[in-house]
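I opened this entry to keep track of what I looked up. The notes follow the order in which I checked things.

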Amino acid sequence: MHRGVRGPAAVFAALALFCAANAEAAGDVERGRAKAAQVCASCHGADGNSTMDNIPSLAGQPETFTTLQLILFRERIRLVDAMLEVSRPLTDGDVADLAVYYARLPPKPGPGARDAAKADHGAALAERLRCATCHERNYAGRDQMPRLAGQREDYLLHSMKQYRDNQRTGTDTTMQGVLYGLSDADLAAMAHYLAQLR
Amino acid sequence: MSKGIAATLVRPALGSAALMAGAALALDLSAFAQQQPPAWAQGRPQSMADSKLAPHPPRMTVTAPDKIPLDKLKVPQGFKVELWAHGMPGARMMVRGDKGTVFVGTRTINRVYAVSDKGGERTHKILIQGPTQPNGLAFRNGSLYVAAIHQVLRFDAIEDKLDSPPQPVDMTAAFQLPTEAHHGWKFLAFGPDGKLYVPIGAPCNICEASANHAQIRRYNPDGSGMEIVARGVRNSVGFDFHPETRELWFTDNGRDWQDENGPEEELNRVGQPGENFGFPYCHAMGIPDQDLKKANPCEGTTKPVVTLGPHAAALGMRFYTGQMFPAEYRGRIFVARRGSWNRTQKAGYDVLTVKVSADGKEAKIEPFLTGFLDEGANAFWGRPVDVMQMPDGALLVSDEENGAIYRISHSR
């Protein structure tokens, strides 16, 4: 999908840009916990581990990753229906609080049996594509690169397809480049391998 | 793609038909007819397999002015640097309207800002929000042109309508630009010939580019009359026209993963329309590509006037024609270097001047604005992306990392 100038009321007019007074303040875990309970937990899980189809776990995600994705949602750069309204009122301070809160939550991989052949295929692909260079050897992620280990398999597959098919943008075009030309089977194998990592 | 690539980069197929380029996508596939390593990881030798180098994350939140360490910035004797505008995350390419508005393009945050100078202080607004990576800006006859990957939009009489921008004239269909996002963000400028110049980067790190990529084009302002003025250009995000010869000069970003120290970024001069500047076979001052090999790789290509550092990301550039700076600066090129990610020892993060001899054979590079990079700590706090001369001869420099614009002035 190509995001053009948006809709009939397309171009934003005279939007004053708020210089948030706490734009540079470090996030506060307790404020993040309260905000998450109010806004996020009903979908992403009370402990940040999602039990809902196609909704990602947030526990253990690197702070920078969560920060940037929330801003992408808030600024309508990354368009996900379920995130549009909840992200709109978030201040830069809220974003920082949520990011530090989720980064500290222990990730718990979901259930599911391991298909050895599929996982091996996925592991080999991840090696060839050098995924660990960014996402780390244990796939815990860092900076703006998300934790992949133990993420929901359905969500991993969905995300990879979106990048491959130019339907999702990251904070740069790296993932579109990395996944270009891969088959659904390739992506499914990698999603399975990564979801099974402990 | 040559067999050389397959042998050195792609491990033997796992025997699955799925690994062949089966996925038909609605994009220009001519560069990807065969299975390739991913654009970003292409061309990485085994020795770099465990590298931890990755692009830096953008800062998408506002940086308060008291968090910008201006006192760390250095300029030559007699010059002064001040904070001119701030609060614009992602601020990159700049263009000035006839009535004095400074428009500022971005990439990730998908905004164009409009900065107004109220004499003594600057205010800004988010003028446009939504087009994908609206980095390329140009101004002509009261209209702001915006290039956002393949979209080309024109906002007429914009300076009279900053509070309520008009619906743009959408010229995307006329320009027919490729849609790939990787290296697809644009720089725009009108030439002295009245044409609109548009670069199109190669949608990869290293690959044989299609007939539609790795080039610089010019068009009539309405998108008609397309001509390719330069080929073999990997990814140019800055150019200007020599004030006397009126020739096009451009920066070009070199490939990743070949070497810690190169191939360096290039400063090129277009002497003949359609000239070939080397990509993908020949880089910098005649370095053959390590993966895409061919006999006499540099034959028929034009070498840069000078190279601009390893992986340093030379982007915005302008010839200085003002009266404010000392006479020795007139005719020099100011170049912003956004700074490296594909080098363990960081490089760039500064503004240079390049002084080229009249015969074009010698070039002298001098640092101009430094201090964004702490070399000892190997850490940066700012990333200059574009430079722009103001009517009074002062120089504006955009800093994408801090969402700020600095003004550099000189007093006698």
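I started with two helices of chain A, α1 (residues 29-39) and α5 (residues 92-103), whose axes come within 7 Å and cross at roughly 95 degrees. α1(A) and α5(A) are therefore roughly perpendicular to each other, a label given to angles of 65 to 115 degrees, with under 35 being roughly parallel, over 145 roughly antiparallel and the rest oblique. The axes are lines fitted to C-alpha atoms, for helices over the stretch in contact, and the angles run from 0 to 180 degrees between N-to-C directions. Helices (H or I, at least four residues) and strands (E, at least two) are DSSP runs, numbered from the N terminus.

I noted the source: this is a predicted model, where local features need pLDDT of at least 70, side-chain atom pairs count only at pLDDT 80 or more, and totals for chains, interfaces and linings use all residues. Residues are numbered from 1 along each chain as its sequence is written, and chains are lettered from A and ligands numbered from 1 in the order in which they are written.

Which residues of α1(A) meet α5(A)? I found V29(A), R31(A), G32(A), R33(A), K35(A) and A36(A) on the α1(A) side, and D94(A), D97(A), L98(A), V100(A) and Y101(A) on the α5(A) side. Contact here is C-beta atoms, placed from the backbone, within 7 Å. By class, I read five nonpolar, one polar and five charged residues (Ala, Val, Leu, Ile, Met, Phe, Trp, Tyr, Cys and Pro are nonpolar, Asp, Glu, Lys and Arg charged, the others, Gly among them, polar).

Next I looked at chain A as a whole. It has 10 helices and zero strands. An automatic or database domain assignment divides chain A into domain 1 (29-103) and domain 2 (116-196). Their C-alpha centres lie 21 Å apart. I found 14 residues of domain 1 of chain A in contact with 16 of domain 2 of chain A. The domain 1 side of that contact has six nonpolar, six polar and two charged residues.

Last, I checked the cores, meaning sets of buried Ala, Val, Leu, Ile, Met, Phe, Trp, Tyr and Cys residues joined through C-beta atoms within 7 Å. Buried means 20 or more other C-beta atoms within 10 Å of a residue's own, exposed 12 or fewer, partly exposed in between. In the largest nonpolar core, of 93 residues, L137(B), V335(B) and V397(B) touch the most other members. Strand β7 (residues 143-148) of chain B gives the most to this core, with five residues. A second, separate core of 24 residues includes A59(A) and M145(A).

Note on methods
Two residues are in contact if their C-beta atoms, placed from the backbone, lie within 7 Å.
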